[in-house]
Amino acid sequence: MAQNRSDKLKRLVTVQRHLEKMAEIDLATTTRQRREVAETMDVVVEAINSLDPVHRSFSRHYSGQYGKLQQQEQMLANVQEMHEMRLVRERAKGDRMEDRMKEARSAEDREAADDSIYDLIDQHIAYKGGE
């Protein structure tokens, strides 16, 4: 089963778009995690600033928790930046492969058109030669 270059590149583009989609999912997951950490940080800050005596007795615990949440948020920010760069890289690869696939398909179409013209010329010469 002979496959031309454009069909092979089309399969590669499909795989690359799948990798791009995976990068998007990873980025969305990290963004969701950052949002959850930010919400938790807001709740902890409210508890620290609360005048409720129950919260006052746990203020040291809350401040420790807030420090951990800050570290986690910074780590997730770094991970999100990495995922954003990966997404851009995967998208650029896919776009380049798609351009190459279109160029290959165009070249194959031109070659097929040239071959059909050559066949017509050969038939015309064979017809004229038979007279």
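Biologist: In which helix is Ser6 found?

Modeller: Some conventions come before the answer. This is a predicted model, in which local features need pLDDT of at least 70 and side-chain atom pairs count only at pLDDT 80 or more, while totals for chains, interfaces and linings use all residues. Residues are numbered from 1 along each chain as its sequence is written, and side-chain values use heavy atoms, with hydrogens and water left out. Helices (H or I, at least four residues) and strands (E, at least two) are DSSP runs, numbered from the N terminus. On that basis, Ser6 is found in helix α1.

Biologist: How many helices and strands are there in the chain?

Modeller: The chain has three helices and zero strands. Along the sequence, the pattern reads α-α-α.

Biologist: Which residues is Ser6 in contact with, leaving aside its neighbours within four places in sequence?

Modeller: Contact means heavy atoms within 4.5 Å. With those neighbours left aside, Ser6 is in contact with Met101, Ala104, Arg105 and Glu108.

Biologist: What share of contacts between residues at least 6 apart in sequence join residues at least 24 apart?

Modeller: The share is 85% in this chain.

Biologist: How is a nonpolar core to be read, and which residues form the largest one?

Modeller: In soluble globular proteins, nonpolar side chains tend to be buried together. A nonpolar core is a set of buried Ala, Val, Leu, Ile, Met, Phe, Trp, Tyr and Cys residues joined through side-chain atoms within 4.5 Å. Here the largest such core has seven residues, namely Val37, Met41, Val44, Ala47, Tyr62, Leu69 and Leu76. Both α1 (5-49) and α3 (59-130) supply at least two residues each to this core, and the largest share, four residues, comes from α1. As for Leu69, its contacts are Val37, Thr40, Met41 and Val44, when residues up to four places away in sequence are not counted.

Biologist: What does the radius of gyration of the chain come to, beside that of a compact globule of 131 residues?

Modeller: The radius of gyration is taken over C-alpha atoms, and the globule rule is 2.2 Å times the number of residues to the power 0.38. A compact globule of 131 residues would have a value near 14 Å, but this chain has 31 Å. The C-alpha trace spans about 110 × 20 × 15 Å along its principal axes. Buried residues make up 20% of the 131 residues.

Biologist: Where do Arg60 and Leu120 lie on the scale of accessibility?

Modeller: Arg60 lies in helix α3 and counts as exposed, because its relative accessibility is 72%. Leu120 has its place in helix α3 and is likewise exposed, at 54% relative accessibility.

Biologist: What separates the C-alpha atoms of Arg60 and Ile48, and those of Leu120 and Ser59?

Modeller: Arg60 and Ile48, twelve residues apart along the chain, have C-alpha atoms separated by 8.7 Å. For Leu120 and Ser59, 61 residues apart along the chain, the C-alpha separation is 90 Å.

Biologist: Which class of accessibility does Val79 belong to?

Modeller: Val79, found in helix α3, is partly exposed because its relative accessible area is 23%. Its C-alpha atom and that of Arg100, 21 residues apart along the chain, are separated by 32 Å.

Key. Buried means under 20% relative accessible area, exposed over 50%, partly exposed in between (1.4 Å probe, protein chains only).
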